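Visitor: I would like to learn how to read a few features in a structure. Could you take me through them, one at a time?

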Amino acid sequence: MTGLAPGDHKTLAHSLQPRHVTMISLGGIIGAGIFVGSSAAINIAGPSVLFTYAMCGTLVFVIMRMLGEMAIARPGVGTFTSYTTLGLGPWAGFVNGWLYFYFWVVTIAVEAIAGAAILSEFMSLPTWVVSTALIAGTTLINLLSVRAYGEAEFWFAALKVLIITAFIAIGALYIFVFGPGVTQTLSTMQEHGGLFPTGWGAVFTAIPVVIFSMMGSEVATIAAVETEHPAENVVRAARTVTMRILFFYIGSIAVIVSIVPWDQIIPGHSPFADAMIRVRIPGAALLMSAVVFTAVTSCLNSAIYVTSRMLHEMAERGDAPLLFANVSNRRVPSVAILTSSAAGFGMVLISIVSPERAFVFLLQSSGAIILSVYLLIALSQIALRRRLEAAGEQLPVKVWMFPYVSYALVAAILAVLVLMATQPDLREQVGLCALLFVVALVGYHLRAVFNRPSAADQITIP
């Protein structure tokens, strides 16, 4: 696997607009994790889960700021995996790329299965048939053109943003205007244990559940590669997306815990639907099924896009077979798209053949992986920033109070991983993630032994 020389292949299209990048970032984050997964977080911590969402949102905000700093310092390098190569070396880019690819391949299967489960309420077809149809449909969108993907994701994300905004507005009106009033709301909350019904520690116990629902903001650095001004678009996404996410998450969860007693929320069931039923919105359950299906389809669309672009970039720098660097006449990496979709479909088949063993193994192993990816991004930013400042460069975009904020973020991620390792139901995730990390490292060293140095091996800071 060797890197490509300039001119060896067609380049990707640069037809995405800033609005696409912003909405793609939102679309990757506002998914089933908030519409359904928030029920598990609320069940763990009660109303105090608002503090958990605030902490996790801040973590994502700093990560995006780090990506913005590195993108504007070295524009045109590629996605965030290329930044890890710049900061820590070729091994980091290789490991980060393959771990990230694996995470999103599992996501393809999870979202396809979730979508099939929703549609099964309205049609009697096998799960694998519906899952296949969903994967095929989103694959077709990605094969048409990057503009087709961008437009589809723009409208998917716009619908989700509209729904959450309307939900917050209706909930606020119910609480303050035509509902029981603030006094009764506070009284109801107090009757169910107050703000911290399960103790202060639950705020931290809920972190693994909450942080996974917020993953995906880094997709902006992948989508931005296919714009005319990638670095500027990454910075724009870093400045705007995360604050909007904090509003959507904290605003919607605050409405939910104010309307629905936290101990009456059932894990795995959408708390949004529960809240709308209490507000007496007709057809709330059906409406939320449609919203969750939209969110699932959007995340599936993004998952295929992300995995294919990750394969394409890794192939260009020699970390994946050169075949995946091929670009079709429509200027999309068609081989990488089809391979990603096939891998996702393979995961779906595994879930059918061995739902309680093999698929659970794959699903659990992806849990802590994204935290490892973020950890490598943070360490890369620290290393790169130190070298750039030592060279006397002035950075127009910076992470504030360096290095304290950066080190605090690294410490926070490590603390979450340690927290997961101490919980029996999450310990296996950390162990499996560590195993995959080692496998990726072994893969990098095998590539170095059996192949000529890749393009990544020659990446240096000019």
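Visitor: Let us start with Cys 299. Is Cys 299 buried or exposed?

Guide: This model is predicted, so treat every value as computed from it. Cys 299 is buried, at a relative accessible area of 6%.

Visitor: How far is the sulfur of Cys 299 from the closest cysteine sulfur?

Guide: The general idea comes before the case. A disulfide is a covalent bond between the sulfur atoms of two cysteines. Here the closest cysteine sulfur to that of Cys 299 belongs to Cys 56, 17 Å away, which is too far for a bond.

Visitor: And which cysteine has the closest sulfur to that of Cys 56?

Guide: That is Cys 433. The two sulfurs are 17 Å apart, again too far for a bond. Cys 56 is buried too, with 4% relative accessibility.

Visitor: Next, helices. How does the reach of helix H4 compare with the expected span?

Guide: H4 covers residues 49-73, 25 residues in total. From first C-alpha to last it reaches 36 Å. That is close to the 36 Å expected at 1.5 Å a residue.

Visitor: Is H4 mostly covered or mostly open?

Guide: Mostly covered. Of its 25 residues, 19 are buried.

Visitor: Now salt bridges. How many does the structure hold?

Guide: Side chains of opposite charge can pair when their charged atoms come close. This structure holds seven salt bridges.

Visitor: Why can residues four places apart in a helix face each other's way?

Guide: An α-helix has 3.6 residues a turn, so residues three or four places apart point the same way. Arg 147 and Glu 151 are four residues apart in helix H8 (residues 146-178), which means about one helical turn separates them. Arg 147 is partly exposed, with a relative accessible area of 35%. Glu 151 is partly exposed as well, at 22%.

Visitor: What about a bridge between distant parts of the chain? Where do Arg 447 and Asp 319 lie?

Guide: Begin with the pair itself. Arg 447 forms a salt bridge with Asp 319, with closest N and O atoms 3.5 Å apart. Arg 447 sits in helix H20 (residues 424-450), and Asp 319 in the loop between helix H15 (284-316) and helix H16 (334-353). The two are 128 residues apart.

Visitor: Which other residue forms a salt bridge with Asp 319?

Guide: Arg 317, with the closest N and O atoms 2.8 Å apart.

Visitor: Glu 313 is new to me. Where does Glu 313 lie?

Guide: In helix H15. Glu 313 is buried, with a relative accessible area of 10%.

Visitor: Which side chain does Glu 313 meet in a polar contact?

Guide: That of Ser 82, at 3.2 Å. Setting aside neighbours within four places in sequence, Glu 313 is in contact with Gly 78, Thr 79, Thr 81 and Ser 82.

Terms used:
Residues are numbered from 1 along each chain as its sequence is written. This is a predicted model: local features need pLDDT of at least 70, side-chain atom pairs count only at pLDDT 80 or more; totals for chains, interfaces and linings use all residues. Side-chain values use heavy atoms; hydrogens and water are left out. The expected span of a helix is 1.5 Å times one less than its number of residues. Buried means under 20% relative accessible area, exposed over 50%, partly exposed in between (1.4 Å probe, protein chains only). A salt bridge is a side-chain nitrogen of Lys or Arg within 4 Å of a carboxyl oxygen of Asp or Glu. A disulfide is a pair of cysteine sulfur atoms within 2.5 Å. A polar contact is a pair of N or O atoms within 3.5 Å; within protein, one must be able to donate a hydrogen and the other to accept it, and residues adjacent in sequence count only if both atoms are side-chain atoms. Contact means heavy atoms within 4.5 Å.
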